[in-house]
Amino acid sequence: MTARLLRGVVLVVLAAVMAAPLYLLATNAFKSQDDIVGSPFGVPADGFTLDNIVRAATSADFNVLGAYGTTALLVAAVNVLSILVTGPAAYAIARGTRRGHRLVLLVLLMGLFIPSQAIVIPVIYVLRTIGLMGTVPGLVLFQTALTIPTTVFLFTAFVQSIPRELDKAARIDGASRMGTFWRIIFPLMRPAVATAVVLNSVSVWSDFVNPRIILGPGSGVYTVTTGVFAAVSKYSTDFTIVYSNMLLAVAPALVFYVLLQKRIIGGLTSGAVKG
Amino acid sequence: MPASNTRAGAAGAAPATRRVRGARLDLLTDTVMIAPALALVTLFVLVPIAIAVYLSLTNWDGFTIPPSWVGTRNYERLVQDPEVLRAAGFTAVIAVVGTIACNALGLGIAVLLNRSNRVTTVMRVLVFSPYVIGPVILGFLWASILGSNGAVNALLTGFGVERLPFLADPVWATATTVVVIIWASFGVNVVLYLAGLQTIDASLLEAAVIDGAGPWQTFWRVKLPVLAPTVTLNVVLAAIGLLRVYELVLALTAGGPAGATQTSVFTILTTSFSRSQLGYGAAQSVVLMIAIIAMTVVVTQLRRRGEQAVAA
Amino acid sequence: MRYSMRGVAILLGSAMAAGLLTGCASSGAEEGGGELRILANITPVLTKQYYENLVQPWVAQNKGVKVTIEVPSAEDVQATLQQELASGDVPDIVASNLDPVVAPQLLAFPEEDWVLDTPLVQENKVGGKIWQVATGAQIQSLVFYNKKAFADAGIDGPPASLEEFTQDLKALKKAGYLPLQTAGEWVTGAQFAMLANPQLLGSGDFYAQRNAGTATFAASPYKNYLDAYAGWIADGLVDRDALGLKYQDSIDGFTSGKAATYVIGNWIVPSIDEAAPSFDVGVFAAPSLDGRPAGQLGGPAQPYSILQASKHKDLALSLVKYLVSDKTAVTASLASEGNFRQEHPYKGSPLNQQVAAIHDAAPRLVLGTSGPTIPGGFGDELNKQVQALYVGTAPAKAAAALDSWWDLNAG
C-alpha cells in the first residue's frame, strides 16, 4: 500500500516538474508583459490576448513558415539519404566475414565520438572545396554523415538478428545482393528503421550550430532553431516576444510528437534493444 | 596433397571457380554497398579530423593563407590557460554528475513506467518531451523561468520570500545549468531503459516471485543483471552527449556570469570566432575528441568487468 | 511492440510535403542585378527596420539595386564576420565597430574629401590604412543620474573624484535607492572600462606599455577602480544579483527610478528621452582618481567597412559615401544614438546638450577594450574578471588575472 502511495507521489511530482515549463510556455505566450512578470502561473484577470502570437507570426525577424519548411526539408532529405546510404552498408558489414568489414564498421562508428561542433570549422573547408558551402545540399550531406554512426549501429545489429537462410533463399531465386537487401531484408528492418528515423529526425530538427555556421546569415535560409535564436536572443527581457516566438517554434513539433507519440516512443523502445 | 585432391578437384572444379568468382563478385558488391557511406564519413568526419589536427599546429586566424606553423605551442598554451581548464572542469562535472543522475533517474522512472495504462503513456510523453523541443528553445525557456525577473522569482516575491540568484550568481548558475541539463536529457534514458526492461523474459520474473523475492530483490537480482548491456549503452551515450553540451548553455546563460558556465565546446567556438584564433580553437577541439574517445574506452572496459562480475 | 512502417511514412511524407510547400520560398535571393549585403550591429535602438529606413533614399536613387540587412547569426558582428570569412561567403558592407584583426580583409577607403571629413578618421587608421569610416563620434565615460535621488540624498553637485562618487553612492543607499545600476551580459565589463579607461590611458599609451612589458594591470589605475568596485559590492551599493540582469533590464532599472546612477555611453540618451522618466535626468563625466577631468572613452559611432571580397565595391562605396556624408542620413544616424559630428548640428533634447557639453570639455578621447595593440577578446576577459568580483574574488587577484591573460594572448 505504501509502495503504491510512494509511486503515486513520485509520478505526481515528476509530472509537475516536466509539465510546468510547458504550461508556462503555453499560457504566457498569450499574456501581457505585466501579467507574465506579475503572475507567471496565473490566468490574467482581463483574459488572454492573441496580440503577441500574431505579432510574432507576422514579424520580419522570424519567418516561421519558411523556417519550418527548411527544417522539414532537411529532416526528410537527411532521413532518406541516410537510409539509402547506410542500409546497404550495414547489410554488407553484418553479413561480411572478413576483417575488413569490422574495420569499416569501426570507421563508420567514429563519428559517434566526435562532437560535430568540434569539426565544423574544417567541414567549412571541405564544403568550400566541393562548392557546397552556404547551401542546403551541403548541410544535408554533413548532417547525413553525422547520422551514419547511430544508423549503422542500429542497422548492423538488427541485420545480424535476421537468419542468413533468408538471404540464401533469395540468392537461389537469382536475386542480386543489392536486390536481396532491399526486397527481402529491408522490409524486415522496420523496428530499426523506425528508431533511426526518430533519432535522426530529432537530431536534425534540434541542430543549431551546423545550420548556423554552414548556412550563415548570407544564405537568408533559417531553420527553426537558428530563426528562433535570431528572433529571441536580442530581446530576451521582452517576455511578450520570447514566449510567443518559442511557442510558435515548438508548437508544430509538439503537436506532431503528441499525435505520433505511440509510434515515436514505440519505435525507440523496439528498435534500440537489439545490440 | 595433389594426389588426394585430384578426384575431388575434377568433380568440384566448376563449383569452386564459381565460388571464387562469387567471392570476388561479393567483394565488389560489398564495396559498392559500403562506398557511399564510407565516402560521406571520410569527407565529413575523417578529413575534417585531419584538418583539425593540422590547424591545431598553426596559429591560423581564419583568413591568412597559408596558416603559419607553430608546432605544439597551442597545446602548451591550453594546459595553462585558466579559461580552458575551467571550462574543461565544468564540462567534466556536467558529464559525471549528469551521467549518474540521468541513469539513476532513467532506470528508476523506467521501472515505475514499465506497465501499460493511460497514466504511464502520458508520463512517457511528458518525460521524453524535452528531447523533442531541443536545447536552444529549452535554454531560452528556462532562462525566462529562472532569470531575475523570471517566473519562479515572481512566485517567490509573491510569497514575500527573497529572490534566488539561479542564473545571477556563478555558483548558483553552475548548479542551475547542471540541473536543467539533467532535466532536458534523462528522458532519452527512460525510454532506452524501458526498451531494455521489455526484453526481460516474463518467466524469469515469475520464477523469482515463486522463489519468494520481493520487488526490490527482483530488481537487484533479476532485472539489473539482465539490463547490464543496456546500462553500458546508456552510460556511454549519456556521457558522450553531455561532454558536447553547448546550445543549452548558450541560450540559458551565454556562458556567464563571470564565465562560470562555459563548457569546452563553448570556449572552442568563442576562441575560434570571437577572437579569430582558429588554430588555438582547433587544438582545444582535438583535445576534446581525445577525451571523449578515452572516456568511452575507459567506461566500456569498466562496464565489461562489471557485466562479467554480475554474470558470475 | 507492434507497429508498422506507416508511422515512418507519415513522418517523412508530411515533412516532405511541408518542405515542398514552403521550401522554395526560402531559397536565397537571385544573383545579379546588384545586391548589397550589409552585416549590421543590431541593438534595441539600431533595429533591422532602422537600417532599412536609413538606406531607403539611396535605394530609391539606385534603381535595380537590392540592399539586404543581415542580422548577426553568431553572438555578435565580429564572430559572424569571422564565420563568413571562413566560409568565403562574405557581406559587402559591415555596419559595426570591428576588431582591427580583420582590417587586412577590408577595403582601404580612398583618401577623398568625403572620407577625410568623417570623425576620427586619422586616429582609426591601421597601418596607415583607412579601413572604416564613421558617421559620428561617441563618448562613453558618462554617469547618468536621477536628480531627484541626488536631492533626496542631500548631494549638492556631481562628484569629481572616485572617492566622492563612493560617498555619494553611500548617501543614495541611505536615501533608499539602488545607488548604481549594473547588469550581467557584456554590461559589467563595459561599464568598468567606461569608468576606468580614461584614467588607465590618461598618461600615455598603457596598452603599448603592457605589450612592451613595462606596465602591468596590477600596478595600473585599473587596480584602484577594481578596489573601489569591490567596495561597492561589499557595501551593497550595487545589486549583488545584478549579473542575472540583461542590458535592457539595466535601462529599465534606471528609467523606472529604482536606481540612482547608471554608467553608459551617450547612445542611451534617445532611449532615456523616449522612456520619459518621472524624474529629471542629469549626467556627469566619469569621476577620476584625483578629481581632475580625465578624458572620455570614445570612438567612432556607427562606422562602416567594405569587404575586399565584395563583388560590388563601387556600389558599396557609393552607398557608404551616402551613409556617412548625406545630410539626411547623417542627421538621422546621429539622432538615433545621440552621437556627435562637427558641422552636423541637430536639434537634441536637453540631455543631449548636457552630454555635448561633456564631449566638448573632454581633454582627450581614449580607447576602449579593442584596438590595434590589444589582443582580441580582452573585453570579454575584463568582463569576466569584473564579474568575478561579485563572488568575492580579491581585486588584486582579478588584476593579476588580467595580466596573465594578456601574457597568454598577446603576440
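**Reading a predicted model**

Author: This is a predicted model. Start with a pair of helices: H8(B) and H9(B) cross in a right-handed sense.

Reader: At what angle do helix H8 and helix H9 of chain B pack, and how far apart are their axes?

Author: Helix H8 (residues 202–210) and helix H9 (residues 215–243) of chain B pack at an angle of about 140°, and their axes are 10 Å apart. Angles over 145 degrees would count as roughly antiparallel; H8(B) and H9(B) are therefore oblique to each other.

Reader: Which residues make the contact between H8(B) and H9(B)?

Author: H8(B) supplies B:Leu204, B:Leu205 and B:Ala208, while B:Thr218, B:Arg221 and B:Val222 come from H9(B). By class, the residues of this contact are 4 nonpolar, 1 polar and 1 charged.

Reader: Now the chains. How is the size of an interface often given?

Author: The size of an interface is often given as the accessible area lost when the parts come together. Here the description goes by residues instead.

Reader: How many residues does each chain give to the contact of chain B with chain A?

Author: Chain B gives 68 residues and chain A gives 75 residues. On the side of chain B that touches chain A, the elements giving two or more residues include helix H1 (2–56), helix H7 (170–198) and helix H12 (278–311) of chain B. H1(B) has the largest share of that side, with 18 residues. The classes on that side of chain B are 52 nonpolar, 11 polar and 5 charged residues.

Reader: Last, the backbone. Where is B:Ala254 found, and what is its phi?

Author: B:Ala254 is found in the loop between helix H10 (247–252) and H11 of chain B. Its phi is near 55°, a positive value in a residue other than glycine.

Reader: Is B:Ala254 buried or exposed?

Author: B:Ala254 counts as buried because it has 21 C-beta neighbours inside 10 Å, and the cut-off is 20 or more.

Reader: What about C:Gln302?

Author: C:Gln302 is not a glycine, yet it has a positive phi of about 45°. C:Gln302 is found in the loop between strand S9 (296–301) and strand S10 (304–306) of chain C. With 26 other C-beta atoms within 10 Å, C:Gln302 is buried.

Key
Residues numbered from 1 in each chain as written. Chains lettered and ligands numbered in written order. Predicted model: local features only at pLDDT ≥ 70, side-chain atom pairs only at ≥ 80, totals over all residues. Contact = placed C-beta atoms within 7 Å. Helix = DSSP H or I, 4+ residues; strand = E, 2+ residues; numbered from the N terminus. Nonpolar A, V, L, I, M, F, W, Y, C, P; charged D, E, K, R; others polar. Axes fitted to C-alpha atoms, helices over the stretch in contact; angles between N-to-C directions. Parallel < 35°, antiparallel > 145°, perpendicular 65-115°, else oblique. Left-handed = near helix turned anticlockwise from the far one by under 90°. Buried ≥ 20, exposed ≤ 12 C-beta atoms within 10 Å, placed from the backbone.
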